[in-house]
Amino acid sequence: MQELQAINLTEFECLALNSPLNLADGHARQALTASQARIIDDLPNLFAKAAARAPEEVELDACRAYLGLLGQHSHPVGESRVFACYSSSVAMEIFARALAQKGDAVALIHPTFDNIPDILRGVGLNLLPLEEDVLHGGDLPRALLDAVSCVFVTTPNNPTGRVVTEERLRALAAQCAEHDVVLTLDTSFRGFDTRAHFDHYRVLEDSGCRWVVIEDTGKLWPTLELKIGWLVTSAEPGLPVAKVYSDILLGASPLVLALVQRFAEDAADGGLPDLHRFIAGNRVLVRRSLAGLPDVDFPDPGSRASVERVRLGRRSSLEVWSALREHNVYMLPCQKFHWADPSEGDHMLRVALARPAASLDEATRALRLVLSSR
Ligand SMILES: N=C(N)NC[C@@H](O)CC(=O)C(=O)O
């Protein structure tokens, strides 16, 4: 158990990668739909068209299609403050390096996926936990805002699925403007929850605060890690984001951008509601499969994200994780989401829902067996 406590969430996910019952990472591993399969069949044509166009045009079309799908109509698409990256984590690393040149502390939502605190700490930033209930409860404490140069919020949050409402975002952005603190949003799970489809960029642009948003196309569709992380900033973020971006990337692949555009257009043509129904159905499958087990419940009843937390009573999530591994089944123990106090996650597992229903059924049957014997 000791060695397990030392590894991070992505290392747990790496252990799961080659299992047919990998329910660990939040990446999309469900089957392609028929219309998505037709897009993949059309890749040679996508390649030829992307190669023949100016990279900027390909990116504009991809940006408009993806962010338009998700209601982000005031996104500064086409302005020189939108940076396409190979993943949202690359975007986050670029943001962190730029922030570290200008600030020293960040109020970071707690809990959240641990590669965010790891990246921020990796560039020397100090972190102060911003508990979800404090974030959603009303204005942030002045003392917290006076102690940091950035407030970093994941919305919808991972793994809880909690969404910052439009009203809350407006108030938070106003506080950040008043205290001249950068407001940063990681919106990687936004595609799953229509409550996160209000125009965040309108709210941010109107607030007058300095802001950064990290968008991620990688959680929605099973494109074998072909994805874009967009790093977007306010007009004057006060951070050398463009300069640090130039240290890391010239740009993202026009082919991947063209693929994102086509998947976004397919999603706008009915694919997104279908995906929401699919994830909701898998969430019901997990809850039904584990129903009636003593001390087992689900702490995020309102979540629509493509992950589900399971509370295990007094059972140790690391022990359950190890027992599941005997069945070649992998889920994610929740300690490391609680980056400021891992013990808070000692008795919770996270189950990935973007999987074939049959895999989810088989894996949760194994989980039921393991939990029944503890
Ligand atoms: N760069 C990293 N560590 N990528 C893993 C991350 O995408 C997984 C994730 O976000 C989730 O499983 O919820």
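Reader: What makes the strands S9, S12 and S11 an open sheet, and in which sense do they pair?

Author: The order is S9-S12-S11, three strands with antiparallel pairing. At the edges stand strand S9 (307-311) and strand S11 (332-333), each pairing on one side only. Strands here are DSSP runs (E, at least two residues; helices are H or I, at least four), numbered from the N terminus. The model is predicted: local features need pLDDT of at least 70, side-chain atom pairs need 80 or more, and totals for chains, interfaces and linings use all residues. Residues count from 1 along each chain as its sequence is written, and side-chain values use heavy atoms, without hydrogens or water.

Reader: How do you know that S9 and S12 pair?

Author: Pairing requires at least two DSSP bridges between two strands. S9 and strand S12 (residues 348-352) have five, in the antiparallel sense, so they count as a pair. Arg 311 stands opposite Met 348 in S12.

Reader: Which strands does helix H14 lie across, and at what angle to S12?

Author: Helix H14 (residues 317-326) lies across S11 and S12, at about 45 degrees to S12. Axes are lines fitted to C-alpha atoms, for helices over the stretch in contact; angles run from 0 to 180 degrees between N-to-C directions.

Reader: Why is His 179 called buried?

Author: Buried means under 20% relative accessible area (exposed is over 50%, partly exposed in between; 1.4 Å probe, protein chains only). His 179 has 15%, so it counts as buried. His 179 is found in helix H10 (residues 166-179). Leaving aside neighbours within four places in sequence, His 179 is in contact (heavy atoms within 4.5 Å) with Arg 142, Leu 145 and Asp 146.

Reader: What makes a set of residues a nonpolar core, and which members of the largest one touch the most others?

Author: Such a core joins buried Ala, Val, Leu, Ile, Met, Phe, Trp, Tyr and Cys residues through side-chain atoms within 4.5 Å. The largest has 115 residues; Leu 120, Val 151, Phe 152, Leu 183 and Trp 230 touch the most other members. Helix H13 (residues 254-289) gives the most, 13 residues. Domain 1 (2-33 + 269-372) and domain 2 (51-265) each supply at least three. A second, separate core of 14 residues includes Ala 16, Ala 24, Leu 318 and Tyr 330.

Reader: How do you know where the domain bounds lie?

Author: They come from an automatic or database domain assignment. The centres of domain 1 and domain 2, taken over C-alpha atoms, are 25 Å apart. Their contact takes 33 residues from domain 1 and 35 residues from domain 2.
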